[in-house]
Amino acid sequence: MSSTDYPRPHAQLHLGVFFQGVNHWTIWSLPESGSQIDFSSFRRMIGTAERGLFDAFFLGEGLRLRESGGKIHDLDVAGRPDAITQLAALAGLTSRIGLVATQNTTYNEPADLARRLSGLDLLSNGRAGWNVVTTDNAWTGENFRRGGYLDHADRYVRAEQFLTVARQIWDSWDTDAIATSTDAEDWADPKGIATVGARTSQFDVEITPTLPRSPQGHPVIFQAGDSAEGRDFAARNADVIFSAHGSDFADALAFATDIRARLRTAGRSEDALRILPGTEIVLGDTEEEAAEKAHWIRLHQVTPATALAIAGQVWGIDLSDRDADGPLPAEDPVVVEPTGEMGSRRWKDPREIVRTWRDTAEARGLSLRETVIALGPQRGHVGTPAGLAEKFAHFVRAGAVDGFNISPYLTPDGLDDIVDRLVPELQERGVYRERYAGTTLREHLGLAGSGFFR
Ligand SMILES: Cc1cc2nc3c(=O)[nH]c(=O)nc-3n(C[C@H](O)[C@H](O)[C@H](O)COP(=O)(O)O)c2cc1C
């Protein structure tokens with residue numbers, strides 16, 4: 001297929017790096033693994049991403065350590081300094097790359113968060129982004145003495161109201177509210193500063209915001225959440241979707257088609273939003289070498305202890321003293337009915353899951369750990385730099401994605417080969433920038449306007 005046969009023959013790939021912070025996919029146990037929380041790690045990784053002309057450096061967020069069966073789950077990488085604090089420090093060490101903070105709308109308040117985000121936009125000269133999440137677990141609420149706090153449906157009601165109030169705050173200062181000359185009588189013109197009052201089912205806000213309009217007007221809005229409500233929320237409000245649909249072409253295209261339909265329903269253009277799925281990328285000199293490396297990486301991600309922890313969640317029993325390299329547990333799983341707190345992670349009957357696991361293990365002669373690996377999530381793309389550049393050009397020109405948020409399996413050097421080897425191959429194929437054309441995150445993403453859409 002020649003590039004002109006594609007629906008989007010001139011499409012450009014956008015890359016971000018997603019520094020997850022909490023997960024078992026980032027390997028901490030190799031000699032080359034660096035700190036997951038030292039500032040030097042963040043600085044090293046964002047420097048590589050900016051050298052690779054990435055659109056954004058993107059941080060996840062979680063407000064409580066993960067637990068399993070009432071115990072802290074101590075196998076994951078954890079830590080996560082507050083994203084906005086961290087990005088503000090990184091703003092001073094970089095000049096172009098976007099700085100995206102995941103911040104949830106369930107446990108924050110709009111007057112405070114809108115101010116911190118527009119502060120980041122001001123301090124970084126227009127590079128701030130906000131990944132709006134609603135957070136799908138009740139135990140985070142316990143941190144705030146609120147217990148479960150909000151039902152799934154109400155979380156998006158609150159998210160929508162939150163964003164509306166935030167936008168009013170970002171719009172409260174007229175563009176010319178501040179004196180542009182030292183001859184002016186006043187530094188700020190009070191007539192150009194509006195007081196924001198909002199009384200909704202979730203908020204009671206009365207605020208005269210402290211900050212003038214930030215360079216992008218509104219920080220770029222990302223959204224991560226996969227339910228129908230989450231997708232509709234994104235179609236109405238987001239500039240970028242951080243999706244989980246980027247490994248398989250058909251799945252990515254189906255997701256993009258669904259989002260485009262929702263954008264039309266919301267009265268927005270299909271080009272108003274970028275779809276950037278999360279992905280892991282493994283490179284090798286040959287396809288075989290890449291596949292071998294991917295398998296080696298998977299064995300370090302799904303260690304025996306992690307495999308037993310994952311299986312323990314399925315069975316609802318503590319399996320930590322079993323042999324991960326032996327057969328599947330003989331017991332039936334304990335069935336606990338869903339609590340209704342979960343988001344789009346649909347509840348599945350563990351008996352069904354165990355049946356699939358047993359069938360697969362039997363048919364392929366797999367151990368428990370090998371079964372966990374075989375049936376675990378597809379994490380992304382494996383291949384040679386040239387092969388993956390071809391594949392990504394196909395994905396983006398066909399309109400299945402607008403780019404990827406890459407989660408490296410190694411901190412802080414896990415982006416190096418991607419920047420040094422994959423980026424030049426993408427550039428050669430004309431699907432990736434040769435230099436930053438603009439200065440703001442909105443410009444990098446090729447998003448129209450200044451973010452003042454309604
Ligand atoms: C790709 C992806 C990344 C997410 N990252 C985070 C995160 O960093 N922090 C967080 O609290 N929630 C995160 N979430 C959870 C969402 O905010 C949301 O609470 C959850 O997906 C349930 O909503 P849903 O039913 O619409 O999917 C993420 C969700 C997705 C799909």
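A residue is called buried when its relative accessible area is under 20%, exposed when that area is over 50%, and partly exposed in between, with a 1.4 Å probe and protein chains only. Buried residues make up 51% of the 454 residues in the protein chain.

The model is predicted: local features need pLDDT of at least 70, side-chain atom pairs count only at pLDDT 80 or more, and totals for chains, interfaces and linings use all residues. Residues are numbered from 1 along each chain as its sequence is written, and side-chain values use heavy atoms, with hydrogens and water left out.

The protein chain contains 14 helices and 14 strands; these are DSSP runs numbered from the N terminus, with at least four residues for helices (H or I) and at least two for strands (E). The radius of gyration is 23 Å, close to the 22 Å of the globule rule for 454 residues, so the chain is as compact as a globular protein of that length. This radius is taken over C-alpha atoms, and the rule is 2.2 Å times the number of residues to the power 0.38. The C-alpha trace spans about 80 × 55 × 45 Å along its principal axes.

Ten strands form an open sheet with parallel pairing, in the order S11-S10-S9-S6-S5-S2-S1-S14-S12-S13. Two strands pair if DSSP finds at least two bridges between them. The edge strands, each of which pairs on one side only, are tabulated below.

| Edge strand | Residues |
|---|---|
| S11 | residues 274–275 |
| S13 | residues 380–383 |

Strand S10 (residues 240–241) runs parallel to S11 and is joined to S11 by two bridges. Val240 has Arg274 as its bridge partner in S11.
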